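Dear colleague,

Please find below the structure that I am handing over to you. A short account of the findings follows it.

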Amino acid sequence: MFDILDRNLAVPFFTDKNKKELIELKYGTFSCYFYEGHRTIKQTLYEDAVLCLKRTESPFAYELVVSGISNAKCFYDSRQTFKVQKNMHLRIYRINMNQDVCLTWTVEGLIETFEFVCNRDVLQEAAENFMAVAYECIYENEYKSPRTLITESKLLSLYSAHVESKTCSEILKAKTEVYGTFIPDDANDDSTSTFIRYVPYTGTEPTHGTPLLVLEATLFIYRPDVRDYIVNGKVFIKISESESFTYHMEVYSTEIPSIYQTVDVNMNPIFKHDELEFYWNYYENKRAYSFKVTLNDREVYEGFKELLTKSIFEVASKSLFSRYRRQNQDYIINTLANNAASFMDSDSEEEDDEGEGDKKVDGCFLEFLNMKNNDSGVCLVNEDNSAQNNEAKDLFYSDGSQKNSILSTSHKSNLSFVIRGNKVGIYSLYGSGINFTRSIQDIQTINGKNPLYPTNAILHDQESSYLLYDVNMKNNIVYKMDLGRVINICPNPQTLDTLNNDQTIVGITSNSLFRIDPRQKRINKINDLDYKKYSSMPEFSTVASSRSKYVAVGSKKGVIRIFSELNKVAAITLPPIGEPILGLDVTLDGRYLIATCSNFLILVHTLLNDQAITLRIKPEHVTLMNEAVSFKRAYFDIHNRNDIVCITGSFVVIWNFKNVCQGDFTCYKMQRLEAPIVSSTSDSKDDLIIAVCCIFKKKKKNLD
């Protein structure tokens with residue numbers, strides 16, 4: 001925080017060799033800490049004190065003088081003098097929530113500590129100048145030599161380059177950090193956020209590699225205790241290649257610990273082009289740190305941005321950037337660096353703001369209950385029989401080894417379905433509440449011999465039935481559930497999606513795309529006219545369809561294909577940007593597509609197929625989250641066009657879609673719940689329903 005080895009700050013104060021008073025700090029509170037048995041007693045001596053550094057008659061000897069007006073009860077003199085020397089352990093900190101500047105020192109041989117806390121109107125620059133002069137005095141006293149002859153190595157042998165804030169005891173065991181509601185909004189009152197202790201990073205040692213780029217920049221570190229970036233000084237940034245598809249970035253100077261890390265998507269890179277700034281995360285001892293650097297030259301900044309995005313792509317994809325066509329190269333760089341100034345076509349501007357209300361969160365929290373196992377009937381009727389409901393609810397949650405895994409919500413009946421192992425819990429949504437209605441126990445295949453543990457489930461046929469698929473059964477069969485009966489309907493899917501009012505379903509395997517029509521009388525329900533199989537291995541991983549004709553398919557290789565007809569070549573093929581596609585969703589009109597990767601989202605304008613952007617959590621918010629970003633499938637809120645909803649760990653994140661399209665790519669709000677989130681969806685009243693790992697209880701939260 002304080003650059004105490006910037007010796008240039010001290011130069012003006014030593015020019016007049018006849019001047020006894022070198023520098024002073026006005027004003028502050030002077031206190032003394034002394035020890036009585038196991039107690040530490042603090043005495044405040046002067047409220048409006050002046051701290052001064054003075055020459056003495058002896059060469060290379062200086063005094064630290066504190067003067068002030070003591071109160072009537074104080075029996076100490078109004079002027080105190082201390083010998084300036086190495087063993088006084090002069091230090092500077094920021095203390096308390098106000099981040100007041102504080103200087104402390106001791107006297108050799110005594111167990112007393114003295115403290116000078118600067119008033120609020122004392123500028124940080126004044127404190128830095130004072131410390132620079134103080135250390136010059138200490139250097140001269142230690143080496144009995146003029147300050148002009150002291151070498152840098154001698155300076156470093158005395159004191160470290162930086163002294164960080166003293167925020168906690170160095171002896172007491174820290175409690176486990178518990179975070180409350182967290183909403184990353186600069187306008188928030190501090191009371192809504194949890195105070196996070198800052199632990200300085202220690203840095204890492206670099207390894208040898210071939211330098212590709214070296215440049216100079218100004219480094220800032222994000223301090224969670226003050227919720228702001230603090231300048232660390234001038235640094236050098238070096239990008240190097242150590243082996244094929246392995247790149248490293250090193251940030252270093254003589255005055256800070258070196259930051260050396262692998263270049264990959266975990267850096268969470270964010271570029272701010274207008275300000276020539278670059279933000280990223282660095283991990284050390286399971287803690288996430290956030291840094292930013294600012295550059296002064298536009299051309300250098302663009303070169304740095306291009307090299308870093310290329311390196312991230314090659315590390316993630318294990319393929320050479322140069323093997324792609326120029327158009328695809330531009331797409332990769334523009335997407336990773338968010339070069340698009342805006343993301344909205346002329347038609348989108350006609351959208352009105354209707355329905356742009358505040359989104360509310362219904363927390364579905366689970367608790368483990370020890371209950372007896374009984375048989376439970378199946379009924380989808382929304383009844384309110386408390387005793388019967390409680391018995392079914394107890395049975396549903398009686399197996400503590402199972403976790404909630406899938407959440408589906410019917411927008412017509414206001415029912416939510418939660419899959420837990422081979423059971424389905426049914427909840428009714430009414431008003432602002434959630435009520436457990438019934439459960440379906442021990443789901444089995446038609447022959448009743450094999451239990452069914454769904455890994456995929458979707459509502460179908462205008463939400464009158466439930467399609468279930470268990471990838472672990474390896475029989476490639478999707479089952480249809482209708483009021484408790486399980487019916488075999490088709491072979492061979494791995495992932496399903498349905499949104500149209502017709503009864504067909506789009507499915508994929510790792511190398512094929514097809515449409516399923518359950519109305520066909522034969523065993524194989526795949527429509528032969530809507531079937532395409534690839535001889536290569538595209539490694540399809542997820543599928544989504546719109547109410548229009550478009551179907552989007554993502555792959556583990558990161559390729560996104562958009563089809564207008566299933567039995568033909570994709571109308572749009574977007575190259576990978578280095579990460580597998582975990583989930584897809586499209587708007588109802590098929591104009592926009594959101595793809596989910598582990599660390600970021602990709603928003604694609606399908607009418608401008610060479611234009612895409614990435615949506616990320618800000619690096620400083622990752623520091624505050626204290627957990628790695630791991631997104632689950634993001635989706636457009638079909639009731640509110642202005643929202644993109646996603647979850648990561650125990651956080652729900654909502655981007656304002658309209659603002660994103662206008663170029664504000666970090667326009668989001670997020671909130672932490674009390675347990676890891678399994679899934680989320682919206683009900684017909686535009687509330688957000690959340691499933692977490694443990695039990696439902698009524699809890700509404702407003703992300704504002």
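Which side chain meets that of Glu 277 in a salt bridge? The partner is Lys 292, with an N to O distance of 3.5 Å; a salt bridge here is a side-chain nitrogen of Lys or Arg within 4 Å of a carboxyl oxygen of Asp or Glu. Please note that the model is predicted, that local features need pLDDT of at least 70 and side-chain atom pairs pLDDT 80 or more, while totals for chains, interfaces and linings use all residues. Residues are numbered from 1 along each chain as its sequence is written, and side-chain values use heavy atoms, without hydrogens and water.

Glu 277 lies in strand S15 and Lys 292 in strand S16, so their pairing ties together parts that are 15 residues apart in sequence (strands are DSSP runs of E, at least two residues, and helices runs of H or I, at least four, numbered from the N terminus). Glu 277 is buried, at 11% relative accessible area, and Lys 292 is buried at 12% (buried means under 20%, exposed over 50%, partly exposed in between, with a 1.4 Å probe and protein chains only).

By this rule, the count of salt bridges comes to 12. Among them, Arg 326 pairs with Asp 330 at 3.3 Å between the closest N and O atoms. These two residues of helix H4 are 4 residues apart, about one helical turn. Arg 326 is exposed, at 58%, whereas Asp 330 is partly exposed, at 31%.

A network of salt bridges also links Arg 298, Glu 302 and Lys 305.

Yours sincerely
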